[in-house]
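Dear colleague,

Please find below the sequence and structure that I am handing over to you. My notes on what was found follow directly after them.

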Amino acid sequence: MADIVDIRDMYKSFFGAVALDGMNFSIGEGEVHSLIGENGCGKSTMIKVISGFHTFDKGHLYINGKEYQKITPIESMGEGIQVIYQDFSLFTNMTIAENITMYDAVNKNNKFVNWHKMKKEAKEALDRIKFDIDIDKYVYELTVAQKQMVAICRAIAQDAKLIIMDEPTSALTSKEIENLFKMVSRLKSSGVSVLFVSHKLDEVLKISDNITVMRNGKNVYESNREKLSKEGLIYHMTGKKINEERFNFVKISDKPLMRVKDYCMRNRFINVNFSLYKGEILGITGLLGCGRNELAKSLFGILPATSGSIEINGKDIGIIKNVQQALNYDIGYVPEDRITEGLHMEQTIADNSISRIIGTLVGKNRLLDKKKIQKKKDEVLSLVHISGMRPLNPVKSLSGGNQQKVVLVKWLAANPQILILNSPTVGVDVNAKSEIHNIVKNLAAGNSIGIIVISDDIPELMCLCNRVLIMKEGHIASESIIKETSMEELEACIEANGKEMGEVS
Amino acid sequence: MKRFIKTNEFTLGIIIVAMWLIFGLVNPDILSLSNLYSITRASIISAMFALSAMLVIIAVGIDISFYAVGCFSMYVTVKFFVSNKMMDVPLSVIFIGAIAIAILLELINWFFIDKLNLNSFIVTVGTQTLYKGYLLAFVGTAYITTLPKAMKNLSVSYISSTTNSSGIESYLHVLVIVVIVLYILMHLMLNYTRFGRNIYAIGCDSVAAKRAGINISKTRLFVFIIAGVLCGIGGVFQATLNRAAVPADLVGQELMVIAAVFLGGALRKQARGSIPGTALGVILLSLISNNLILLKITSYWQQAVTGIIILIGLVIQSSKSAKEANN
C-alpha cells in the first residue's frame with residue numbers, strides 16, 4: 001500500500017517553543033488512522049503542516065511519494081488532502097449544493113456560475129457516499145451532524161484522497177456518531193483514507209486501523225488497535241500510569257442532606273426517588289435519552305419538574321421552580337457545556353472565579369468593594385491548582401481541563417451544600433481528568449457537601465462515586481454500591497438496561 | 001413553489017399589496033397612475049443608495065457613509081464645472097467625475113475596514129462625519145441652483161405623463177429605467193458570477209472563505225469600488241431630481257435606506273441580502289411615507305408609523321429564520 005502522507009523526523013518550533021520534536025508519521029491508502037495525545041502535544045501543528053498552513057523547520061514531508069520542502073494550502077488540496085475543521089467552514093447563507101461545489105469553483109476560477117451544473121455535481125458527491133438530503137436546502141437550516149456530512153461531501157467532490165477530521169464527534173449525539181462511523185467505513189472501502197484526531201479513546205479504539213500516540217511533539221507509540229487497550233493508550237499519552245484511588249465514603253450522618261421524592265417531568269422522567277447524604281458522591285448514569293440530563297437540570301431549576309418534592313435537611317421545599325431558588329438552597333451546578341453555560345470566556349480567570357458571589361462582595365455603601373474582591377479572588381484561586389494560570393488572562397486562554405477547574409472554583413467560592421456535576425470531564429485530557437476527580441473527592445470528604453455526578457464514563461463513575469443510580473426510560477432502574485461491584489458488572493448493568501430500551505422503542 | 005412562498009420577498013410583496021389596497025380604500029387617489037409615478041420618482045434616490053448599502057452590508061457589514069460619499073462627489077463635481085463656467089460639459093463627464101471621487105472616498109473606507117481590520121459600522125460613522133464636515137468646511141456651503149445644461153435637460157426627461165383627477169400632471173422619470181437596469185445587472189452579478197458568490201461567502205464567514213481560497217482583500221476592494229460607482233451616480237441623480245446641488249443634502253437620513261435593506265432580508269446572521277428583497281424594501285418604505293401624506297397624516301406620525309412597520313418587518317423575518325433554524 002502506498003503512503004499518502006509520510007512524515008520523517010520533523011521539527012517545528014514557534015518563537016522558541018517546540019511544537020514538533022522529531023515527529024514520524026505515515027498514513028496509507030484506504031487506512032483509518034487515529035492521532036491522539038493530550039492538549040498541546042503537537043497534533044494540530046502536524047495537521048497544519050500537512051494542510052499547508054504551517055511550514056516546518058527540519059525533516060521530510062512526502063505526499064503521494066513526492067517530497068515537499070514546503071507546501072501551500074492550495075498544493076495540499078491539489079494532492080487530495082482535505083481537512084474538516086470543527087466549525088466545518090461552511091457558508092450558512094448558501095445552499096448545500098453551492099457549499100459542496102464552492103472550493104472547486106473558486107479553484108477553477110470560473111467567471112460565471114452555472115447553477116444547473118453545480119447541482120448535478122453536488123448530487124454526484126452525495127450519491128457517492130449515499131447521503132440523502134435536499135441539496136437546495138440552506139446550510140443554516142441543518143443540524144450539526146448534517147453540516148458535517150455536507151463538509152465530508154465537499155471533500156469528496158474534490159476527489160479527496162485523505163480526509164482529516166479534527167475532533168469530529170465532539171458535538172454529535174451517539175446516534176449521529178454511529179452514522180459518522182458508517183460513513184467513515186464507506187469512505188475507507190472506496191479507497192479514501194481518514195485521519196481521525198480525537199480525545200475519545202473508546203471511539204478511537206472502535207474505528208481505527210492504526211493509532212499513533214503523540215506526546216511532546218513526537219510519536220511515542222504506534223500500533224494497530226487489536227494490540228491496545230484504553231489503559232494502554234492512557235499510559236502512552238501521559239507517560240505515566242494513572243492509578244486513581246477509589247473514593248472512600250465515610251457516612252457522617254444518617255439524616256439525608258437531600259431527599260428527592262416522586263420527582264416527575266412530563267415525557268422525561270417519572271417517579272424518581274433517591275437520597276443524598278453529606279460527604280457522598282452519588283453517580284447517575286444510563287444511556288443517552290434515559291432522562292439523566294433532564295433530571296440534573298430539574299434539580300437546579302433550569303427545567304422545572306412537573307410534580308414531586310424535594311427535602312433539604314429534612315425540610316420539604318416542594319419543586320425547585322427556578323435557578324434562583326436552587327441558589328437560595330445552596331445548590332451548585334456545573335453544566336455539561338462549560339463554554340456556553342459555565343464561563344464568561346472573554347473575561348479573566350480571576351473575574352470568573354468570583355462571578356457567582358460577586359453580589360456579596362460589597363462595602364457599606366452597597367457598591368462593589370475592590371479590596372474585598374481582590375482578597376476573595378486570591379483566596380478562591382488558591383483553593384485549586386491550575387497549572388500555567390495567570391489570573392488576569394481570559395479564561396479562553398486555558399485548556400479544557402483547566403477551564404473546568406475554574407468552573408469548580410467558581411462554585412467553591414459560594415460554599416454550596418449540594419453540587420451537581422453534569423459530565424464534568426467531557427473533552428478534558430487524561431491528566432487534567434484525574435486532577436479534577438481529586439478536587440471533587442476532596443470536596444466531598446473535606447467540606448462534607450453532597451455531590452451528584454451525571455456521567456456516562458464508567459471508569460469515572462467507578463473511581464469517583466460511592467453509589468451509582470442507573471436510569472432507564474426516565475426512571476431509576478437499579479442502584480449499585482461501588483464497593484460491591486466491578487467495572488464489568490456496572491458496564492453490563494447499563495448495557496442490559498439499555499438493550500431492553502432498544503427493544504421497546 | 002413552496003420554497004418561494006417561504007421567502008422573505010414573498011412576504012414583503014404581500015405586505016406591499018395589502019398596504020396599497022388598504023390605503024386605496026381610504027383614499028382612491030392612492031390607486032391612481034399618477035400616484036404610482038410620484039412614488040417611483042420618490043424611490044429613485046433611496047433605491048440607488050440602497051443598492052450600494054446592500055452590497056457593502058452583504059460583504060463586510062453595516063455602511064452608513066453612502067449618502068456622505070454621494071453628496072461629496074456630486075457637490076465637488078458640480079461646483080468645479082459651475083465655477084469654471086463649463087456649463088456645456090457633457091453628462092458623461094459629470095458622471096465620470098462624480099464616480100471617480102466617490103470611488104476614492106470608498107477606498108478610504110476599504111483601507112480602514114480591510115487593511116486595518118476595523119468594524120465597518122464604526123469606520124463609516126467616522127468617514128461619514130469626516131466627508132460631510134470636510135465638504136462644508138473646505139468646499140462650500142452654498143446651494144448651486146444653476147446646474148450644467150446637461151443635468152437640467154436630464155431633470156425634465158420623462159418617459160410618460162399622466163394627469164390626475166385634480167388636474168395635476170405627473171411624470172414617470174427617465175432615471176427609473178437606469179435604476180431598473182442597474183438592479184438587474186447587480187442581480188445577475190450577485191447570482192451568476194463567481195465574484196458575486198464570493199461576496200456572499202466572505203460576508204458569511206471570512207475564515208471559511210479564506211480556506212476556500214478566496215482572496216478576501218481583493219473581493220472587498222471591488223465591492224467598495226462598485227459601491228463608489230453607485231454612490232457617484234446616486235449623488236448626481238439627487239442633484240438632478242432636486243434641480244440643485246445641496247452640500248448638506250441627504251446625510252442624516254441613512255437609516256431609512258438601511259432599514260429598507262434590512263427589510264429586504266440582509267440580516268447579518270445569514271447575510272442573505274437579495275436584490276428583489278432590497279427593491280421591495282425600498283418600495284415599501286417610500287409607499288408608506290408617500291401615502292401617509294395623501295392620507296393627511298402629520299409628518300411626525302409618519303415617522304412613528306414607519307418605525308412600527310420596520311419593526312414588524314424585522315420581527316416577521318427573525319421569527320421566520322428562528323423557526324427555520326429549529327427545524
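**Surroundings of B:Phe66**

Not counting residues up to four places away in sequence, B:Phe66 touches B:Phe49, B:Ser52, B:Ala53, B:Cys231 and B:Glu254; two residues are in contact if their C-beta atoms, placed from the backbone, lie within 7 Å. The structure is a predicted model, in which local features need pLDDT of at least 70 and side-chain atom pairs count only at pLDDT 80 or more, while totals for chains, interfaces and linings use all residues. Residues are numbered from 1 along each chain as its sequence is written, and chains are lettered from A and ligands numbered from 1 in the order in which they are written.

B:Phe66 belongs to helix α4 (residues 66-83) of chain B; helices (H or I, at least four residues) and strands (E, at least two) are DSSP runs, numbered from the N terminus. With 33 other C-beta atoms within 10 Å, B:Phe66 is buried. The term buried applies if 20 or more other C-beta atoms lie within 10 Å of a residue's own, exposed if 12 or fewer, and partly exposed in between, with C-beta atoms placed from the backbone. B:Gln128 is 62 residues away from B:Phe66 in sequence, yet their C-alpha atoms are 7.7 Å apart in space.

**Contact between the chains**

The contact takes 19 residues from chain A and 19 residues from chain B. On the side of chain B that touches chain A, α9 (194-204), α10 (206-211) and α14 (299-326) of chain B each supply at least two residues.

**Domains and sheets of chain A**

Chain A is divided into domain 1 (3-238), domain 2 (245-330 + 415-505) and domain 3 (344-414), with bounds from an automatic or database domain assignment. Between the C-alpha centres of domain 1 and domain 3 of chain A the distance is 37 Å.

One open sheet of chain A has 4 strands in the order β2-β1-β4-β5, with antiparallel pairing; two strands pair if DSSP finds at least two bridges between them. Its edge strands are β2 (17-28) and β5 (66-68) of chain A, each pairing on one side only. Strands β1 (residues 3-14) and β4 (residues 58-63) of chain A run antiparallel and are joined by 5 bridges, and A:Asp6 stands opposite A:Tyr62 in β4(A).

Helix α1(A) lies across β1, β2 and β4 of chain A, at about 60° to β2(A). Axes are lines fitted to C-alpha atoms, for helices over the stretch in contact, and angles run from 0 to 180 degrees between N-to-C directions. Of the 8 residues of helix α1 (residues 43-50) of chain A, 6 are buried, so this helix is largely enclosed by the rest of the structure. A:Ile47 and A:Val49 are among the buried residues of α1(A). After α1(A) comes A:Gly52, whose phi is positive, near 90°.

A further open sheet of chain A has 6 strands in the order β6-β7-β8-β3-β9-β10, with mixed pairing. β6 (81-84) and β10 (218-224) of chain A are the edge strands. Within this sheet, β7 (residues 162-166) and β8 (residues 193-197) of chain A pair in the parallel sense over 5 bridges, and A:Met165 has A:Phe196 as its bridge partner in β8(A). Helix α8 (residues 230-238) of chain A lies across β3 (32-36), β9 (210-215) and β10 of chain A, running at about 35° to β9(A).

Helices α3 (residues 96-108) and α4 (residues 115-128) of chain A pack at an angle of about 85°, with their axes 8 Å apart. α3(A) and α4(A) are therefore roughly perpendicular to each other, a term for angles of 65 to 115 degrees. The residues of this contact divide into 6 nonpolar, 1 polar and 3 charged.

Strands β11 (residues 258-265) and β12 (residues 269-276) of chain A pair in the antiparallel sense over 5 bridges. They form a hairpin with 3 residues between them, and A:Asn267 in the turn has a positive phi of about 65°.

With kind regards

Notes: Parallel < 35°, antiparallel > 145°, perpendicular 65-115°, else oblique. Nonpolar A, V, L, I, M, F, W, Y, C, P; charged D, E, K, R; others polar.
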